[in-house]
Amino acid sequence: MIAIRPSNERGAFDHGWLVTSHTFSFSEYQDPAHMGFRALRVINEDIVRPGKGFGTHGHRDMEIVTYVLSDALEHKDSLGNGSIISPGEVQRMSAGTGIRHSEFNASADADVHLLQIWIVPEREGIAPGYEQKTFPIAAETDRLLLVASRSGAAGSVTIHQDANLYAATLSPGGRVAAVLAPGRHAWVQVARGALKLNGAALAAGDGAQISDETAIDIRGPSGGEFLLFDLA
């Protein structure tokens, strides 16, 4: 079964400094029908205006993954980390027992476009942690790259949940395929372009919930970029 979550049905807000769309309930957007999927709790697509950002604030007991699509996001946190997150890099922040951080667009003239993802950890009260790694997502087209996993396999960032996150860029006419193990579920989030998921058309910003399927076939007639979550 594949259930599509159209981009234009997400919770959408323009705060001036931030233009954001929420795939699942978040902040002022609350919809009991869309509270997350499996351990996947939040997918926010954010555009942060130049010189603006999220001031210092706290989180607990959540795995937070940041995936930048264009320009760069400046990060600082209470663990002493300070970094710049650019396209091709994936950041994982485990909030655990408590962490405070800020995210800022330091550019004077360019928007930052990003996806922020929250995954519920398999247990509460872990020690806060941070990772940031670079992956050849744009260069190695038509290939699923493992960017986050519980085991840290293939150089992926480590998340405290039985979930695998893949990123892929498709060339025009490109294709990737995946197999879901019995009892597993998946979510596909289109970051750019127009794709076909097992023949169903998806546009940028669309998501799709996949259950009771074994084969996943994703094609990009004109190219595109997406994330694939393999979930328990």
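This is a predicted model: local features need pLDDT of at least 70, side-chain atom pairs count only at pLDDT 80 or more; totals for chains, interfaces and linings use all residues.

Student: Is Thr-20 buried or exposed?

Tutor: Buried means under 20% relative accessible area. Thr-20 has a relative accessible area of 3%, so it is buried.

Student: Which side chain makes a polar contact with the side chain of Thr-20?

Tutor: That of Asp-46, at 2.6 Å. Leaving aside neighbours within four places in sequence, Thr-20 is also in contact with other residues, including Gly-11, Phe-13, His-15 and Asn-44.

Student: How do I look for pockets?

Tutor: Rolling a probe the size of a water molecule over the atoms shows where empty space is left. Here the largest pocket holds about 250 Å³ of space. It is lined by 17 residues, and those closest to its centre are Leu-18, Phe-26, Asn-44, Asp-46 and Phe-54. Strands E3, E4, E5, E10 and E11 each give two or more residues to that lining.

Student: How many residues of the lining are nonpolar, polar and charged?

Tutor: Five are nonpolar, nine polar and three charged.

Student: And where do nonpolar side chains go?

Tutor: In soluble globular proteins, they tend to be buried together. In this model, the largest nonpolar core has 27 residues. Leu-40, Tyr-67, Val-147, Leu-227 and Phe-229 touch the most other members. Strands supplying at least two residues of this core include E4, E6, E11 and E22. Apart from it lies another core, of 17 residues, with Ala-168, Leu-180, Ile-210 and Phe-226 among them.

Definitions and conventions. Residues are numbered from 1 along each chain as its sequence is written. Side-chain values use heavy atoms; hydrogens and water are left out. On a 1 Å grid over the protein atoms alone, a cavity is a set of points where a 1.4 Å probe fits but cannot get out, and a pocket is an open set with protein on both sides within 12 Å along at least five of seven lines; lining residues have an atom within 4 Å of a point. Grid points are joined across faces, edges and corners, and a volume is the space filled by probe spheres set on the points. Helices (H or I, at least four residues) and strands (E, at least two) are DSSP runs, numbered from the N terminus. Ala, Val, Leu, Ile, Met, Phe, Trp, Tyr, Cys and Pro count as nonpolar, Asp, Glu, Lys and Arg as charged, and the others, Gly among them, as polar. Buried means under 20% relative accessible area, exposed over 50%, partly exposed in between (1.4 Å probe, protein chains only). A polar contact is a pair of N or O atoms within 3.5 Å; within protein, one must be able to donate a hydrogen and the other to accept it, and residues adjacent in sequence count only if both atoms are side-chain atoms. Contact means heavy atoms within 4.5 Å. A nonpolar core is a set of buried Ala, Val, Leu, Ile, Met, Phe, Trp, Tyr and Cys residues joined through side-chain atoms within 4.5 Å.
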